[in-house]
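Dear colleague,

Please find below the structure that I am handing over to you. My notes on what was found in it follow directly after it.

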Amino acid sequence: MTQQNMSSAAWLTLGALAMIWGASFLAFALGLNELPVFTLVAHRVFWGALTLWIFVLLFRIALPRDPKIWAALLIMGLLNNAIPFSLIAWGQVSIESGLASILNGTTAMFAVILAAIAFVDEKLTPNKIAGVLVAFLGVVITMGWDSLLTFDIRSLAQWAIIGASLSYGLAAVWARLTFKGLDPIAASTGMLTGSTLIMLPLAWIIDGSPRFDLLPLTWGAALFLGIFASAISYLLYYRALNLAGSGNLSLVTLMIPPLAVFWGWLVLGETLRLNAFIGFGIIAIGLILIDGRMLKRLKSR
């Protein structure tokens, strides 16, 4: 399915998914005003898991019974939720939400590299190699040479977002290795359940006993992260996958940063340096090269 013949439903689903994930960076920033990092992440995975469990029970979705699958889902919850959510939240304590979204766009770059290492049918073609190199250049420009040469808190925060992208890439490889034939909603429910089992005790140990006398804005941010940015976004993700195909689904990666930058500017008054916008443009070019379809279309013309 090409971009030209995607249905209106496919575009609406992609747009809704990008809006939600773009706003998740703003929600992290708002939640961190009152909640510590690990407690906020625990809120996100707990409310997300609870929402999906309600969905599973209402629609009687079959869940796996093999303990090995549940162990694999626990690892998936670690790689796709607990680690990256925590790194993003920790990073956003020190950097702008829009900048975090731009750096998080490098997930596709790591996914391509790791897939080539793990799978014989995922070779690094010249287009992919060029795309990875261009995207890496975009990361360097976005972060700035000073962040690469020094290790102050702002620099470490940016590296934390890069670490989150690497974790997402590892999760993609792990999912392909272990979850063939598993219902995607059941997999999402198990993954968020696993990350909840990790984050609840971790938050209690590191941050202390949770507070519930939170401002309405903080509750709104936490619930948005859990219900919309985790549970509902997974449902939208699989609907978009069916409607648009995996290739067109990668468009979401390019749609998220502009939306996150806009929300950060509108609500938080964030302003980014020029190098962040230039870097995002170069990262976007790298992702287009990795995708390869635009080059094929140009060659065919």
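Apart from its neighbours within four places in sequence, Ser 165 is in contact with Leu 103, Asn 104, Thr 106, Thr 107 and Phe 110, where contact means heavy atoms within 4.5 Å. Ser 165 belongs to helix α8, residues 153-178; helices are DSSP runs of H or I with at least four residues, strands are runs of E with at least two, and both are numbered from the N terminus. With a relative accessible area of 0%, Ser 165 is buried. Buried stands for under 20% relative accessible area, exposed for over 50%, and partly exposed for what lies in between, using a 1.4 Å probe and protein chains only.

Please note that this is a predicted model, in which local features need pLDDT of at least 70 and side-chain atom pairs count only at pLDDT 80 or more, while totals for chains, interfaces and linings use all residues. Residues are numbered from 1 along each chain as its sequence is written, and side-chain values use heavy atoms, with hydrogens and water left out.

Which residues does Leu 103 touch, not counting those up to four places away in sequence? They are Val 139, Thr 142, Met 143, Gln 158, Ile 161, Ile 162 and Ser 165. Val 139 sits in helix α6, residues 126-143, and is buried at 7% relative accessibility. Beyond its neighbours within four places in sequence, Val 139 is in contact with Leu 103, Thr 106, Ile 162 and Ile 283.

Leu 103 is also among the residues with the most contacts inside the largest nonpolar core, which has 73 residues. A nonpolar core is a set of buried Ala, Val, Leu, Ile, Met, Phe, Trp, Tyr and Cys residues joined through side-chain atoms within 4.5 Å.

On a 1 Å grid over the protein atoms alone, a cavity is a set of points where a 1.4 Å probe fits but cannot get out; a pocket is an open set with protein on both sides within 12 Å along at least five of seven lines, and lining residues have an atom within 4 Å of a point. Grid points are joined across faces, edges and corners, and a volume is the space filled by probe spheres set on the points. The second largest pocket has a volume of about 210 Å³. Its lining consists of Thr 39, Ala 42, His 43, Phe 46, Trp 47, Leu 200, Ala 203, Trp 204, Gly 208, Pro 210 and Phe 212. Two or more of these residues come from each of α2 (37-59) and α9 (184-207), and α2 gives the most, with 5 residues.

Two residues of that lining, Phe 46 and Trp 47, also form an aromatic pair that is edge-to-face, at 4.9 Å centre to centre and 75° between the planes. Rings of Phe, Tyr and Trp (its six-membered ring) pair if their centres lie within 6.5 Å; planes under 30 degrees apart count as stacked, over 60 as edge-to-face and the rest as tilted. Phe 46 is partly exposed, with a relative accessible area of 32%, and Trp 47 is partly exposed at 22%. The structure holds 8 aromatic pairs. Elsewhere, ring pairs link Trp 21, Tyr 237 and Tyr 238 into a cluster.

Yours sincerely
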